[in-house]
Protein chains: 2
Amino acid sequence: MTAEPTTRRERQREATYAEIVTTSIALLREREDLSLRAVAQRMGMTAPALYRYVASYQELVDLVAFEIDREATERFRAAADELPVDDVAGRLCVSAAEFRQWAHGSPREFGLVFANPIADSACIRRDALTLSSSGHLFTGQIRAIWEQRHFPVPAVADLPPAAQQAVLDPVIPAESEGIAVEDRGLMWVYMQGWTQLYGVVTLEVFGHMDPRLVESGDLFVDTMLRFAPRIGLADDVPRLEALIRERIAAHPR
Amino acid sequence: MTAEPTTRRERQREATYAEIVTTSIALLREREDLSLRAVAQRMGMTAPALYRYVASYQELVDLVAFEIDREATERFRAAADELPVDDVAGRLCVSAAEFRQWAHGSPREFGLVFANPIADSACIRRDALTLSSSGHLFTGQIRAIWEQRHFPVPAVADLPPAAQQAVLDPVIPAESEGIAVEDRGLMWVYMQGWTQLYGVVTLEVFGHMDPRLVESGDLFVDTMLRFAPRIGLADDVPRLEALIRERIAAHPR
DNA sequence: CCACAGAAGTGAACGCCGTAAACCGTAAAT
DNA sequence: ATTTACGGTTTACGGCGTTCACTTCTGTGG
């Protein structure tokens, strides 16, 4: 977002940068291993040349993960956009369901983004990675539901100290800005919800669940619907279940 | 468990087998990479020799993961055993908290066991891996709570079809045997709980959560306590929170 | 007791991988 | 026009999983 004088060289460089990422993603999509050499070869270069752009293999992975997350989020958003803007509940469910479908269809990509130890690595972008762009989407959607229904939210004062800090001054810019301080308990509800969504999906994708439940998505649906009442959607449960199941029906791959 | 004629050679072989696993685990504990060459070198052998015991690197990983899970489960069980046998609620909480602590102290081991795609690999042991030995422990503990408190459990008939199959004829031997068919809804409750526990802990370990919440464990505690009422522990919440926080306090590493 | 089958282990080799260093042409900057 | 520095190549190192041919040893049956 800094000024972009974009000298010719800079533009070229940025283009190569982008090509590295797209090539990597293409590689993953074709179920091949992601390696510096493979990426370089596909671009008609040699591996060491990539070191002009990334400092290490891990940095490439981080870069790719970031972009994958961005693209996937766009997909979740597109799914939501199939519904009218005022159907905030439906939009959340559809996005979450699409998240699950994406995870099953692209398990390696899912693992890269959501099950990669990003703890120690370069501090740059760490904030951006810690809560990913998909985090932005879901926080925004939960917030939209709250603004429409004003479901009860825990008082900030009732939260444990660290939780208070976390909701008042989130490490992520997130969609929290503009939420009044006394309503920040909403962020806590969001984190509870994200924990559950993340839990079922990860469990499913990594195969630590009865295959029949993965196939049918019953535990996923159950988890979603069980959380719905906490965000004021108790009355919508039947409709939401239909929405979710419809989107779950088409088994990917 | 088959008959053990244990000719001398077979015993030797079994010993080497065991040494391979222990060496691998030692390697992981010292934060070194797990590789066939490293394992072999430490045992005073060469890498190709290991192929007399495992068919591939992945098979070694699976083997090690299995053993790690076993040992970790022993640790969770030991934690529970610090409490009297009739404190079924406390035992579950303490085991779960120990699970979390272990995951944080041994993130790589945790990843190996719980965030490894075990889907496609050799069918042998697949059952044993799908629900791991820790699964056995937790199912058993939830069952103990149910036998003491008889908290309400969904009727099997009310479950979705695939869920009915899953609770009636689980892919895992599990602790389900001996539970009357009409009470198998208990298994469903278990799966809901496991989803949540798995979700928070994985979220924490993989760094996709506000570091302050990881440090304090507040979201973990919240998740545990929020689930407690569903298994008839509403009245015990304050005591259980104390138990959990005590065990969470000592930050590993 | 001996010969033989087969198990256990070695050494060399192949084709990958990430990464480092030296080197070079060419495009930008002065 | 000269210098700088960027983007690229070559070569090389060490490590990886894996294969294969070969040896050594051990348990066993004649």
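Author: Chain A averages a pLDDT of 91, and 90% of the residues score at least 70; pLDDT is the predictor's confidence in each residue, from 0 to 100. This is a predicted model, in which local features need pLDDT of at least 70, side-chain atom pairs count only at pLDDT 80 or more, and totals for chains, interfaces and linings use all residues. Residues are numbered from 1 along each chain as its sequence is written, while chains are lettered from A and ligands numbered from 1 in the order in which they are written.

Reader: Over which residues of chain A does pLDDT stay under 50?

Author: Where pLDDT is low, the predicted coordinates should not be read in detail. The model has ten contacts beyond four places in sequence for the stretch in question, a contact being two residues whose C-beta atoms, placed from the backbone, lie within 7 Å. The stretch is residues 119–129 of chain A.

Reader: Which helix gives the most to the side of chain A that touches chain B?

Author: In the interface, 34 residues of chain A are in contact with 34 residues of chain B. Helices α5 (107–114), α8 (161–168), α9 (185–205), α10 (211–216) and α11 (218–227) of chain A each supply at least two residues of that side; helices are DSSP runs (H or I, at least four residues), numbered from the N terminus. With eight residues, the one that gives the most is α9(A).

Reader: How are the two copies related?

Author: Copies are superposed by least squares on the C-alpha atoms of residues with pLDDT of at least 70 in both. A rotation of 180° with 0.0 Å of shift along its axis places chain A on chain B, with RMSD 0.0 Å. The two copies are therefore related as by a two-fold rotation axis.

Reader: Which residue of chain A comes closest to the rotation axis?

Author: Both copies use the same surface, as 100% of the contact residues of chain A recur in chain B. At 1.7 Å from the axis, by its C-alpha, the closest residue of chain A is A:Gly199.

Reader: Is B:Met209 buried or exposed?

Author: B:Met209 sits in the loop between α9 (185–205) and α10 (211–216) of chain B. Leaving aside neighbours within four places in sequence, B:Met209 is in contact with B:Leu203, B:Glu204, B:Val214 and B:Leu219. A residue is buried if 20 or more other C-beta atoms, placed from the backbone, lie within 10 Å of its own, exposed if 12 or fewer, and partly exposed in between. Because 23 other C-beta atoms lie within 10 Å, B:Met209 is buried.
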